[in-house]
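Dear colleague,

I am handing over the structure we spoke about, and below it you will find my notes on what turned up in it. Please read them with the model open beside you.

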Amino acid sequence: MKTFITIILACIAFTMNAQNLELNESTLNWTGKAAFNNYSLSGTLQTKSGNIDLDDATIKTLSITINMKSLNHDNKDLKKHLRSSDFFDIKTYNTATFTLIEPAIITENKATIKGMMTIKGVSKTETLIVNVMTSETETVLEFETVLDRTDYNVNFNSPSLFKKLKEQAIADDFTLKGRLVFN
C-alpha cells in the first residue's frame, strides 16, 4: 500500500510540474543587410501557431509555425519582392516551421535549443540560445539568432553565389529576433 501511495504522489507531482502550453502572442522581427555597405532593412513576421511542453527545467517539445504571408516591410515594392519567388515564394511556401529535435535543459533562465528549421521546403538543423521566463501560467522565450538564407534556397543577389554583384549584393545572413509567449 505504501508503494502504491508513493507512486500516486509521484504522478501528481510530475503532473503539477509538467506544462503543455499554447503560443498566445508573438513578436518576430527580421533584419537583412547589404553585403558591402551599412545599408540594412527590417520588418516583421507573425506566427500562425505553436506549443511548448515543459517539465521542471526541461523544454521537452517546442513547435512554432510562422505565417510567411505575414512577411512585412514598410516599402510595398520591397514587401512584394520579398514575397516573390526571388526570395521566400510565399504562394508556394506559406509557412515556415521550427521543431525542437532534442530536449533542452533550462539553466539560469537560458536554454540552448536545437531544432529543425524549415523554410521554402528546405529543412536544416539550427541551434538557438533562448532566454526563458516561466511562471505558473506562462512561459516566455526570447531569442536573437542569425540564419543563412542561402541554406534555404533564398539565393537572390547572394555574394557567395554571384561573385560580380558588388553594391547590389545582399548579405547571406539575416537576423531573426523574437519574443514568444505561451500560456
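Contact, wherever I use the word, means heavy atoms within 4.5 Å. Among contacts in the protein chain between residues at least 6 apart in sequence, those that join residues at least 24 apart make up 58%. Please bear in mind that this is a predicted model, in which local features need pLDDT of at least 70 and side-chain atom pairs count only at pLDDT 80 or more, while totals for chains, interfaces and linings use all residues. Residues are numbered from 1 along each chain as its sequence is written, and side-chain values use heavy atoms, with hydrogens and water left out.

Overall layout

The protein chain holds two helices and nine strands, where helices (H or I, at least four residues) and strands (E, at least two) are DSSP runs numbered from the N terminus. Read from the N terminus on, the order of these elements is α-β-β-β-α-β-β-β-β-β-β. The chain has 183 residues, of which 37% count as buried; buried means under 20% relative accessible area, exposed over 50%, and partly exposed in between, with a 1.4 Å probe and protein chains only. The accessible surface of the protein chain is about 11,000 Å², and 51% of that belongs to carbon and sulfur atoms; these areas come from the Shrake-Rupley method with a 1.4 Å probe, and for residues only the protein chains shown count as cover.

The core

The largest nonpolar core has 39 residues, and those with the most contacts inside it are Ile59, Leu62, Ile113, Leu141 and Phe182. Strand S3 gives the most to this core, with six residues. Such a core is a set of buried Ala, Val, Leu, Ile, Met, Phe, Trp, Tyr and Cys residues joined through side-chain atoms within 4.5 Å. In soluble globular proteins, nonpolar side chains tend to be buried together.

Isoleucine 59 lies in strand S3 and counts as buried because its relative accessibility is 0%. Leaving aside neighbours within four places in sequence, isoleucine 59 is in contact with a list of residues that includes Ile52, Leu54, Leu100, Ile113, Val132 and Leu141. Alanine 96, in strand S4 (residues 95-100), is likewise buried, with a relative accessible area of 3%. With the neighbours within four places again set aside, alanine 96 is in contact with Ile64, Thr65, Ile66, Met68, Thr118 and Ile119. Alanine 96 and isoleucine 64 are 32 residues apart in sequence, and their C-alpha atoms are 8.4 Å apart in space.

Grid points are joined across faces, edges and corners, and a volume is the space filled by probe spheres set on the points.

A search of the whole structure finds one cavity of 30 Å³ or more, and the volume of the largest cavity is about 160 Å³. Its lining consists of 14 residues, of which Ile64, Phe98, Leu128, Phe143 and Leu180 lie nearest the centre. By class, this lining has 13 nonpolar, one polar and no charged residues, where Ala, Val, Leu, Ile, Met, Phe, Trp, Tyr, Cys and Pro count as nonpolar, Asp, Glu, Lys and Arg as charged, and the others, Gly among them, as polar.

The largest pocket holds about 550 Å³ of space and is lined by 32 residues, with Trp30, Gly32, Leu82, Phe87 and Ile170 nearest its centre. The lining of the largest pocket has 23 nonpolar, five polar and four charged residues.

Local points

Asparagine 109, in the loop between strand S5 (104-105) and S6, has a phi near 65 degrees, a positive value in a residue other than glycine. Asparagine 153, in the loop between S8 and S9, has a phi near 60 degrees, also positive. Aspartate 148 is found in strand S8 and touches Asp172 and Asp173, not counting residues up to four places away in sequence.

With best wishes

Conventions. 1 Å grid on protein atoms, 1.4 Å probe; cavity = no way out; pocket = protein on both sides within 12 Å on 5 of 7 lines; lining within 4 Å.
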